[in-house]
Amino acid sequence: MKRTLLIIAFLAASLPLCKTLAQSTADLEKLVNETRRSTGMQHGTLAVSVYNTRQQKMIYSYNSELAMTPASVEKLLTTGVGFAQLGSGFRFTTKVTMRGNVDRDGVLHGNIYITGGGDPTLGSYRYRQTSSDSLFDGWMRALKRKGVRRIDGRVCYNVTIFDEQPLHDTWQWGDIGNYYGTGASALNFHENMFFVYFNAGSKIGHPATAASIKPKNLDMHGICEVTTAAETTGDNVTIYGSPYSKDRLYRGTVPLGKQNFAVRGAMPDPARSCADIFSSYLRTHGIGISSNSMQVYSQPDSLRSVVDQYSSEYYTIAQYTNLTSNNLYAECIFKYLGYKKYGIGTFDNGTRAIMDYLKEKGLPTGGVHVVDGSGLSRSNTMTADFLCRYLAVLTKEPFYDDFLTTLPKTGESGTAKNLLTNLPTGITVRVKTGTMDGVKAYAGYIITPRGETLTFCIVSNGHDCSSQEVAAKLNKILYKIATLY
């Protein structure tokens, strides 16, 4: 009798919680329907899913089986599978070797070889230790330790672990000349971007001039059609140009009164630029080279190691990828996954590596179409239901804690710094965002005050309102999900 009374008391205590969750999901349903019918959303598609990882069940869904374009939320697949296949401590490796004899005068009768390993941070301007000057100084010192004072030969570069198609066929022309559409090489350099510095004209509407570019000695030709706009207009320059072409077209506007106004563009051929600028660095630091740099497609025999250049650990690279939504980093991870499993890094092999993992975990892949690692392609699709279940699977993986901390925390970091700044105490939301014209997406994790871990996905496609307007609408949905419990 006593046991029966305890069970009844437990059930009675549980009922208010069940009613609270039921009422909360009813409120969420009402908000989702209102959002779907609101101005600017009527002609688009909205999908929402919420999954309780402890209960292993979907607690809310709306259009959750529809295939949606995720934009940069795609990076959740790339970085998550990267943790699974590469490990948190993995490092990309660039190898510098040499071939030939060094005579008593310090002349190397042979070549230097740079073999790319897919490192997206090589020569990055963001950190002192990865800057081109620091990088090349270390390589030069390593050569001097080998007794090299002059090179009767050239700097050769090898990029054969990846194919030579840095851009996916479905990427938009307006993206690919800009820094965020640069694509991945096996030998990346300076994050595969250059800076062009504009001087505004003296009046609104007057031509601006392209004053200089960085890195210096970049073999490139710019055509400037940029004009001057009002002081508050910011960077409205679009850069057009295809890979391996030296020509870049600059169009758009820069603000009145600006001098040396920096705009980032996609470097035409990062691998060649790395070899060319390293050759120039050696010459200006006292090591002469008799011939120009050259691409090679195989490794000759009798190579001697000069230096192995290691990237930061994968965890750090994945964190930067997700916190800042860096497309280059994501594409390097994606292609390296294809290289590791199938022998060469291509878009198709990256896709195969991702899909292999999803199938191994028994995830439903209907409506899932992966074509790149960054989400730049509108041909990527996935369902909200799938994304929630995929994120739930990752909670069972040994690398989950590392993966979780790569995601921006709302109100604090990265692309989520301005999201949900007024959450009640005790709720944590980690979210990857995705944005392109007509696409806004959020997906990630919510840790509730009760210790529940929820996965969620909110995607809008085809809306007519601005990015700021749809963000405000989806933020309300995200807040409601975060406060379900």
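Guide: Let us begin with a term: a salt bridge is a side-chain nitrogen of Lys or Arg within 4 Å of a carboxyl oxygen of Asp or Glu. This is a predicted model, where local features need pLDDT of at least 70, side-chain atom pairs count only at pLDDT 80 or more, and totals for chains, interfaces and linings use all residues. Residues are numbered from 1 along each chain as its sequence is written, and side-chain values use heavy atoms, leaving out hydrogens and water.

Visitor: How many salt bridges are there by this rule?
Guide: Three residues, R54, R450 and E452, are linked in a network of salt bridges. By the rule above, the count comes to 14.

Visitor: Which residue forms a salt bridge with R91?
Guide: R91 lies in the loop between α2 (75-86) and β3 (93-102), and its partner sits in the loop between β15 (304-310) and α6 (314-324), so the pair ties together parts 222 residues apart in sequence. Helices (H or I, at least four residues) and strands (E, at least two) are DSSP runs, numbered from the N terminus. With the closest N and O atoms 3.6 Å apart, the partner is E313.

Visitor: Is T381 buried or exposed?
Guide: T381 is found in the loop between α8 (347-360) and α9 (384-394). Buried means under 20% relative accessible area, exposed over 50%, and partly exposed in between (1.4 Å probe, protein chains only). Because its relative accessibility is 17%, T381 counts as buried.
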